[in-house]
Amino acid sequence: MKKKKIVIIGAGVSGLLCGKRLTEAGYSVLLIDKGRNVGGRLSTRRTDGAIFHHGASSLPDFYKHKDLPKFGLGMLKRAENEKIIQRKGDLFEPVSSVSDLVSFFASGLKIQEGCEATHLNLQSRTIDVSLRNNNHKEIPYDFLIVSIPPNQAKSLINNQINRFENYLSEVEMRSSATALFSFDLNPAHIKETFFSNERVQIQVENNRFKCEQKLLCLTVHTKEPFAREVVNNDKRKIREILFGELSSIFPVLLPKPTYEAGHRWLYGFTERPLGQPYLFYKKQNVGFCGDWCLGGTILNAVSSGVRLAEQILKE
Ligand SMILES: Cc1cc2nc3c(=O)[nH]c(=O)nc-3n(C[C@H](O)[C@H](O)[C@H](O)COP(=O)(O)OP(=O)(O)OC[C@H]3O[C@@H](n4cnc5c(N)ncnc54)[C@H](O)[C@@H]3O)c2cc1C
């Protein structure tokens, strides 16, 4: 398999770690991702004077995680030694920004961003992709790894693997909503890092990470079951609803935001995982990984990606 070309669809944590393991073992690996940036649900948004972490922003204690493969544990220890992440109580958090952790995982990998897989042809071993400039092309592969949420994987496979849908029928993901706001207020006046009520949790981004931000930057995440009520709205409405929640609990009267955005994660959290680390179809040369295989945390995504890579190394 060594000189063969492996294509990974999805450059979230799982795809990145899978790609890293295979690249370091000498394989030729290309990752493609439909996003503007890699990292998937580890996401940092930067605007003029503001930085927000609107996806995951902490990791469970990886020293206590029972099933983390050696390579995954090694990567996280290196990130700690290089001061990209640091311990905060029972968790680890990025020191400056979630995007630093993503860059650390992505370093040395061949990645094409803004490249969406729209159709797979498992027989001819090709992927149809659409690029940001609306161009289309076909990417050939010898081995394919699909590292995207299960519902999206199902529609890409489109009945080309016998009983594939049955395997995924038990897996459940839930969506969530987030809004980002910056204000022309001195962040030094706000000492707290979190505010919450039963519906939302507010992160004061200025107090979470060592980022240079002149504006007060707040990220509002929905909690369950409120998330279910909110996610079916459009982004503008999500922003409005979450601004209402923010205003009702924030201790300072807030002026008009200098930046505001609503965001929906259609497949944000794993409600019920697959219960095995990955799916592997030898005959078709296809593997599937992602947090949804094992649980729903960054560590589950690391574990799934690395374990699938190690299965491929045995082939
Ligand atoms: C708001 C929020 C907060 C969270 N907080 C935490 C936390 O504090 N701690 C924690 O451990 N976990 C947290 N999580 C969960 C954590 O983010 C995920 O477990 C992890 O990031 C999943 O990684 P992944 O690689 O499996 O999937 P993803 O990150 O979803 O990666 C999939 C990638 O595939 C790409 N993609 C999808 N379809 C296509 C296609 N057709 N073609 C090309 N590319 C495609 C996407 O752009 C994406 O980059 C949180 C999640 C959310 C939404």
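Leaving aside residues up to four places away in sequence, asparagine 285 touches Arg125, Tyr141, Asp142, Phe143 and Leu144, where contact means heavy atoms within 4.5 Å. This is a predicted model, so local features need pLDDT of at least 70 and side-chain atom pairs count only at pLDDT 80 or more, while totals for chains, interfaces and linings use all residues. Residues are numbered from 1 along each chain as its sequence is written, and side-chain values use heavy atoms, with hydrogens and water left out.

Back to asparagine 285, which sits in the loop between β18 (279-281) and β19 (286-288). Helices (H or I, at least four residues) and strands (E, at least two) are DSSP runs, numbered from the N terminus. Asparagine 285 is buried, with a relative accessible area of 17%; buried means under 20% relative accessible area, exposed over 50%, and partly exposed in between (1.4 Å probe, protein chains only). A polar atom of the asparagine 285 side chain lies 2.9 Å from the backbone oxygen of aspartate 142. That pair is a polar contact, which is a pair of N or O atoms within 3.5 Å; within protein, one must be able to donate a hydrogen and the other to accept it, and residues adjacent in sequence count only if both atoms are side-chain atoms.

Asparagine 134 is exposed, with a relative accessible area of 64%. Another backbone feature turns up at the peptide bond from glutamate 224 to proline 225, which is cis, with omega near 0°. Proline 225 belongs to the loop between β16 (216-222) and α7 (226-230).

Now for the ligand. It is surrounded by 33 residues, and the closest are Asp33, Arg41, Ser58, Asp291 and Ile298; a residue counts as near if one of its heavy atoms lies within 4 Å. By type, the shell splits into eleven nonpolar, 17 polar and five charged residues. Here Ala, Val, Leu, Ile, Met, Phe, Trp, Tyr, Cys and Pro count as nonpolar, Asp, Glu, Lys and Arg as charged, and the others, Gly among them, as polar. At least two shell residues come from each of α1 (13-24), β9 (115-121), β17 (259-272) and α9 (298-314). An oxygen atom of the ligand is 2.7 Å from an N or O atom in the side chain of aspartate 291. The protein covers 91% of the 1,000 Å² of accessible area that the ligand has on its own (Shrake-Rupley method with a 1.4 Å probe; for residues, only the protein chains shown count as cover).

The chain is assigned domain 1 (5-171 + 273-314) and domain 2 (172-270), with bounds from an automatic or database domain assignment. Their centres, taken over C-alpha atoms, are separated by 26 Å. The contact between them takes 31 residues from domain 1 and 28 residues from domain 2. Each domain also gives at least three residues to the shell around the ligand.

Finally, helix α3 (residues 98-106) is mostly covered, with seven of its nine residues buried. Among the buried residues of α3 are Val98, Leu101 and Phe104. After α3 comes glycine 108, whose phi is positive, near 80°.
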